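Hello,

Here is the structure I promised to pass on. Please open it first, then read my notes below.

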Amino acid sequence: MAKTSSKKPREIAPTDPMPARVDPCLATLVGKPPKGPDWAYEVKWDGYRIAVHIESGRVRVLTRGGYDWTERFPSIVDDAPRLAVRTSILDGEAVVLDNHGRSDFGMLQRALGRLPSALEAGAIVFYAFDLLYLDRRDLRRLPLRERRRLLEPLVAGREGAIRLSEEVEADGEDFFRVACAHGLEGIIAKHLEKPYRSGRGEWWQKITCKRRDSFVIVGFEPSAVPGHLGRLLLAARKDGDLFYVGGCGTGWSNELSRELRKLLEGLVTKSPAVELKRKNAVFAEPVLVAEVEYRAWTDDGKLRHATFKGIRERADGSMVYEMLE
């Protein structure tokens with residue numbers, strides 16, 4: 001009589017096919033951080049959102065829009081095979097850090113060759129903040145808490161091109177104040193119990209730090225709508241002179257747009273206060289000051305994401321932004 005084995009057949013773990021691409025989860029802009037124990041907070045990096053795909057020794061780097069930028073990130077591609085994984089998809093942000101450890105979008109553009117610079121592509125660092133696929137398992141169905149538990153042993157404590165975007169254990173509002181005080185772009189809040197969902201939703205939220213300063217209005221660009229304002233042209237002061245710092249095209253109602261256009265048309269001059277060649281520019285005497293809220297400065301000294309907040313006469317002693325060397 002044959003002997004029956006008491007051993008159970010070995011269970012084979014289910015195999016999930018590795019996605020060729022995953023549409024990223026996008027954060028919704030909100031005014032203040034959410035509260036509660038189910039929320040985790042991270043620094044908001046100022047760079048390019050990318051996904052790093054590792055499969056059978058091959059590394060691909062895909063942008064948020066699905067473009068293959070593998071050749072543009074040689075340091076990340078070189079470091080990825082050193083991770084203790086066979087197959088994986090890491091979600092995160094490619095950045096270049098300044099001397100204070102802050103991500104700088106202008107420096108990243110230079111490292112990618114979009115602006116003249118001595119910076120090399122090797123200066124780019126990838127901060128991983130999510131793990132979407134790992135060794136035959138699609139992790140997107142898992143809550144963020146579990147995905148982070150699997151991600152951290154892979155990248156925590158590394159000094160290479162691939163690093164961990166740390167979660168910060170703090171009150172969200174306190175962390176946001178500290179982030180803004182240190183010149184960071186803002187923070188991200190993520191719900192720990194939610195799965196990974198492509199597209200924009202409330203389970204990831206971003207809270208951005210905004211700056212507010214006064215700039216001289218040196219002209220405008222007309223809107224395509226007759227009688228309306230398209231864009232204010234702004235300048236800051238440096239060594240007693242005015243220098244063009246970009247434009248502002250949002251922040252006013254239709255009624256205010258018409259009023260500003262009429263006001264500036266009464267100040268039109270043929271002698272521009274700044275050196276600027278723009279096809280549709282109408283130059284005005286530099287006697288008005290705009291209060292402007294903005295996120296940051298570009299590498300070439302222009303305002304990023306500027307929004308109009310109010311207007312004053314320059315003669316009232318308003319503090320016009322002073323550019324430093």
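**Cavity search**

I searched the whole structure, and one cavity of 30 Å³ or more turned up. Keep in mind that this is a predicted model.

Why use a probe at all? Rolling one the size of a water molecule over the atoms shows where empty space is left.

The largest cavity has a volume of about 90 Å³. Its lining is made up of 13 residues. Look for Val-22, Pro-24, Ile-50, Ala-51 and Thr-63, which lie nearest the centre.

Which elements give two or more residues to this lining? They are β3 (48–55) and β4 (58–63). The most comes from β3, which gives four residues.

Sorted by class, the lining of the largest cavity has seven nonpolar residues, four charged and two polar.

**The whole protein**

Now zoom out. The protein has 17 strands and five helices. Its C-alpha atoms fill a box of roughly 110 × 45 × 35 Å along the principal axes.

What is the radius of gyration? The protein has 25 Å, while a compact globule of 325 residues would have a value near 20 Å.

Of the 325 residues, 48% are buried. The accessible surface comes to about 17800 Å². Carbon and sulfur atoms account for 49% of that surface.

One last item concerns contacts. Take those between residues at least 6 apart in sequence: 68% of them join residues at least 24 apart.

Start with β3, which gives the most to the cavity lining.

Best wishes

Key
Residues are numbered from 1 along each chain as its sequence is written. This is a predicted model: local features need pLDDT of at least 70, side-chain atom pairs count only at pLDDT 80 or more; totals for chains, interfaces and linings use all residues. Side-chain values use heavy atoms; hydrogens and water are left out. On a 1 Å grid over the protein atoms alone, a cavity is a set of points where a 1.4 Å probe fits but cannot get out, and a pocket is an open set with protein on both sides within 12 Å along at least five of seven lines; lining residues have an atom within 4 Å of a point. Grid points are joined across faces, edges and corners, and a volume is the space filled by probe spheres set on the points. Ala, Val, Leu, Ile, Met, Phe, Trp, Tyr, Cys and Pro count as nonpolar, Asp, Glu, Lys and Arg as charged, and the others, Gly among them, as polar. The radius of gyration is taken over C-alpha atoms; the globule rule is 2.2 Å times the number of residues to the power 0.38. Buried means under 20% relative accessible area, exposed over 50%, partly exposed in between (1.4 Å probe, protein chains only). Contact means heavy atoms within 4.5 Å. Accessible areas come from the Shrake-Rupley method with a 1.4 Å probe; for residues, only the protein chains shown count as cover.
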